Amino acid sequence: MEAIKIIKIKLIDSGENGFHVILNSIGANFEPIDGFLPCLPAELESSFNQWQSAYSQLEDVRKVATRISPQSVVNYSSYEEKEQVKITLNQWLDGGDISWQPVRDELISVLSSLGSYDSEIRLFLDIQNPNLCRIPWQEWNLFQSRFPQTEIAIRVRGKGKFRRPRKSSKVRIIVIVGKSDGINTQLDLEVIQKLKEKGAEVRFLNQPTQEILSDTLREEPGYHILIFAGHSCSKEDGSIGWIYLNERDKLSIKEFKNSLRYAIDNGLQLAIFNSCDGLGLANQLAKLGLSRIIVMREPVPDLVAVKFLEYFFAEFANNKSLFKSMRIARGRLEHFESEYPGAMWLPTLCIQETALSHPLSWQQLIYPNLWQKVISKSKLSLGLTAGILLIILAINLVKNKFTETKTTGIQPEILQNISQGEKLLISSEKNPAKEEGIEQFYNGNFAQAIAQFRQSLQVKKNDPETLIYLNNAIAQQKSATNIGKKIEIAVSVPISQESDISQEILRGIAQAQSEFNCGLPEISLAIKNPENQLNCPGSFNGKFLKVTIADDEYLPETAEKIAQALVAKAEIIAVIGHYSSDMTLQAGEIYNKAELVVISPTSTSILLKNFSKFVLRVAPNDSLAAQTLFNYLERQNWADKKIAVAYIPGNSYSQSLAKELNKLLPEKFVYKCNILSGNFSASDCVEEAQNQGAEIMFLVPATDRTLSNVIGIINNAKGLKLLGGDSVYNPRVLKDAGKQADRGNLTLAIPWHRHPNSQFSQTAQKFWNAEINWRTAKSYDATKTIIKAVDEMMGNYSRKQLQRILSNPNFYLEGVTGKIRFRESGDRQFLEKDKPLLVQVKSNAKSGKYEFVILGQ
């Protein structure tokens with residue numbers, strides 16, 4: 001098998017400073033490096049626009065370009081314009097800028113070390129600037145001459161976790177032929193028909209109505225690949241695309257999103273739009289959860305589109321990877337370059353980051369008939385065949401005993417988001433030992449699972465998912481051999497959308513679970529030396545804590561389904577979660593109705609006050625955070641200054657914190673900037689705020705995308721003082737905007753911050769070999785709170801009894817974040833010393849890196 005390497009280049013628009021570049025990898029052992037790439041040169045923009053204009057006037061292009069106004073036919077080549085794009089692109093990337101050169105040199109070094117000429121290298125470009133998305137990055141001489149085995153993909157941002165393919169006896173393909181005047185779609189169909197010889201089952205729709213399309217997308221058992229041939233177009237910024245379904249209907253993805261989402265949930269892995277100008281389509285499909293999309297970035301001539309499809313499937317249907325099939329198919333378009341200069345630039349692979357570690361191939365979509373293979377090839381006797389069948393049946397019965405979840409009334413697809421050790425949820429934290437451990441856990445082989453998880457943790461010690469799975473395997477093994485009994489809890493975090501934050505929360509839970517089951521010294525020794533015997537006595541006379549992990553995808557509807565699934569599993573006596581207030585509010589109704597305690601370590605919205613006696617919180621609510629920030633403003637004599645806010649209207653957390661601070665200010669916010677707006681601009685946000693006289697900007701993001709927008713505001717602050725809520729406390733702020741955050745005196749109100757003299761901080765840092773933060777500490781305290789309440793249940797484990805103990809005014813825990821006890825409302829009672837504190841971004845004199853430090857230290 002060929003070695004596969006993934007290089008990630010992230011470019012963040014930093015205004016006049018150009019683009020902040022972060023070079024990272026998956027599967028290659030090197031430290032991330034960052035620098036700055038100069039602004040897009042005017043010469044490159046001009047040459048690209050000239051090529052685009054000349055290309056668009058080619059006769060065969062004009063026939064299919066629905067977004068180009070009719071003009072008289074012009075017959076001339078855009079070859080010179082294409083060559084000028086290549087020249088200016090290479091001048092930009094090879095210009096030797098002092099802030100860019102170290103990144104370029106490191107990229108060359110990494111590419112050189114990754115393997116042989118035949119090794120497959122995937123380059124993943126994480127860029128949001130639409131102009132950068134259209135540039136032909138593959139024309140950089142670095143790739144053309146030195147690393148031609150590199151294939152480039154553009155990141156699209158979407159919702160939902162990565163979904164593995166649903167195998168079937170044949171690869172199922174749905175082909176939609178839309179409005180196609182001026183296009184010979186018959187050629188596309190002929191190419192696709194030939195795929196039946198490779199084991200494909202093809203469903204054709206010729207200019208369907210919207211109703212027929214929607215109904216077909218919902219057919220069982222679903223489809224693996226969707227192909228659209230016909231007319232399409234996109235907005236210039238690449239945010240929205242349309243397909244011309246028939247002579248009457250021009251649809252955006254949004255107009256049949258429910259059926260598309262159903263198809264995606266049902267196993268759709270790849271969409272190919274063999275049509276014009278499809279970047280907007282890719283962005284919309286990603287938002288529905290589709291991981292991989294191939295589009296044409298400009299109008300595409302008939303024959304080019306057909307030949308690309310033919311070349312692509314010649315490789316992909318022969319089990320080449322998606323990336324390699326793309327690279328070979330694009331390369332084979334070179335004979336069109338004389339007639340259509342730039343034809344090789346058109347096919348574009350767009351992919352979500354969660355899919356990077358999951359190569360897609362044709363064979364992965366087919367479920368082989370193993371019994372036919374075994375019986376026909378080996379010519380086994382009837383008795384031996386029956387014996388094998390009985391053995392497999394027995395194995396499945398044992399496996400189901402340990403992996404079965406009560407699913408009455410639960411939508412089956414949500415179970416893909418829930419795991420005790422039998423599924424990989426955090427796709428970025430993958431290695432062979434971990435995958436083997438998951439397979440062994442799934443098959444009920446817990447001793448082997450334990451051994452593999454220990455080996456995996458040697459590779460990546462600070463992977464909390466693996467540590468939880470290790471503890472769960474220990475708990476299952478002890479229970480299966482009647483040595484111990486299980487106490488089961490669950491945690492729900494937004495893995496698909498906020499993987500880093502989810503891992504921060506899971507670390508606190510995994511640490512508390514490890515202390516309970518084995519003790520940290522024993523676990524640490526087991527990780528350091530996998531050959532050592534692992535001795536785990538448990539706690540409370542042989543009890544072992546088992547944790548179910550759930551991914552709520554940062555979607556309220558998913559959080560609700562997760563809650564229904566967890567409520568239905570009677571063994572679970574408590575839940576830790578959810579991360580955001582929106583998810584906790586949505587799922588909280590279900591927990592409350594089922595009388596299942598949920599403790600959120602991170603939800604802070606004022607809307608959760610008096611919400612339910614079964615929905616508890618260990619983090620301070622937004623009114624306390626707002627008061628802490630206001631007190632800071634008064635100490636600085638800034639309370640009377642004009643303040644603007646960058647927030648998300650309607651978001652339970654963002655709006656709650658903004659509202660609480662606004663109530664305290666003598667003069668209300670002079671400007672409100674919606675950081676979730678489709679036409680958001682960081683520089684416009686800052687400019688409008690300053691036009692209204694603002695001297696301070698209050699930042700309250702809530703999602704990965706809005707945090708990116710807030711980072712843009714920080715980098716464009718232009719003298720504004722900066723305040724923020726706990727959601728700004730994120731390593732990305734330090735990496736992507738540390739210098740400007742320091743200049744703007746960025747000050748955040750957060751629930752807790754590590755202290756060098758804290759025993760917990762020292763122990764956690766040594767155990768995880770990494771700094772921990774307030775989310776880790778709060779989730780640790782939430783877990784320890786449940787453990788203490790369970791201890792007081794004296795073996796009488798029930799959900800109602802747990803709630804009664806937690807709400808008892810005499811119950812408390814001396815946690816690492818202070819004394820934890822709850823009011824009847826579910827809010828935590830805070831002592832003055834345990835209320836939110838302030839941190840600022842400062843440069844570390846020794847390392848030169850930026851970090852969060854407690855104000856005044």
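Biologist: Why is E201 called partly exposed?

Modeller: E201 has 39% relative accessibility. Buried means under 20% relative accessible area and exposed over 50%, with partly exposed in between (1.4 Å probe, protein chains only). So E201 counts as partly exposed. Note that this is a predicted model: local features need pLDDT of at least 70, side-chain atom pairs count only at pLDDT 80 or more, and totals for chains, interfaces and linings use all residues. Residues are numbered from 1 along each chain as its sequence is written, and side-chain values use heavy atoms, leaving out hydrogens and water.

Biologist: What makes R172 buried?

Modeller: R172 has a relative accessible area of 9%, so it is buried. Across the protein, buried residues make up 58% of the 857 residues.

Biologist: How do you know that E201 forms a salt bridge with R172?

Modeller: A salt bridge needs a side-chain nitrogen of Lys or Arg within 4 Å of a carboxyl oxygen of Asp or Glu. The closest N and O atoms of E201 and R172 are 2.8 Å apart. That makes E201 and R172 a salt bridge. The pair links distant parts of the chain, 29 residues apart: E201 is in strand β7 (residues 200–206) and R172 in strand β6 (residues 171–177). Helices (H or I, at least four residues) and strands (E, at least two) are DSSP runs, numbered from the N terminus.

Biologist: How many salt bridges does a search of the whole structure find?

Modeller: The search finds 29 salt bridges. One network of salt bridges links K8, D126, R155, R157 and E353.

Biologist: Why is the pair of Y729 and F852 called stacked?

Modeller: Rings of Phe, Tyr and Trp (its six-membered ring) pair if their centres lie within 6.5 Å; planes under 30 degrees apart count as stacked, over 60 as edge-to-face and the rest as tilted. The ring centres of Y729 and F852 are 4.4 Å apart and the planes stand at 20 degrees, so the pair is stacked. Both Y729 and F852 are buried. In total, the search finds 23 aromatic pairs.

Biologist: How do you know that the charged end of K788 sits over the ring of Y812?

Modeller: The test asks for NZ of Lys or CZ of Arg within 6 Å of the ring centre and within 35 degrees of the ring normal. The charged end of K788 is 4.8 Å from the centre of the Y812 ring, and sits over it. R507 lies over the face of W768, at 5.9 Å from the ring centre.

Biologist: What makes β18 and β19 partners?

Modeller: Two strands pair if DSSP finds at least two bridges between them. Three bridges join β18 (residues 572–576) to β19 (residues 597–600), and the strands run parallel. In β19, V597 is the bridge partner of A574.

Biologist: Why do β15 and β20 stand at the edges?

Modeller: The open sheet of six strands has the order β15-β17-β16-β18-β19-β20, with mixed pairing. β15 (418–419) and β20 each have a single partner strand, so one side of each is left without a neighbour in the sheet.
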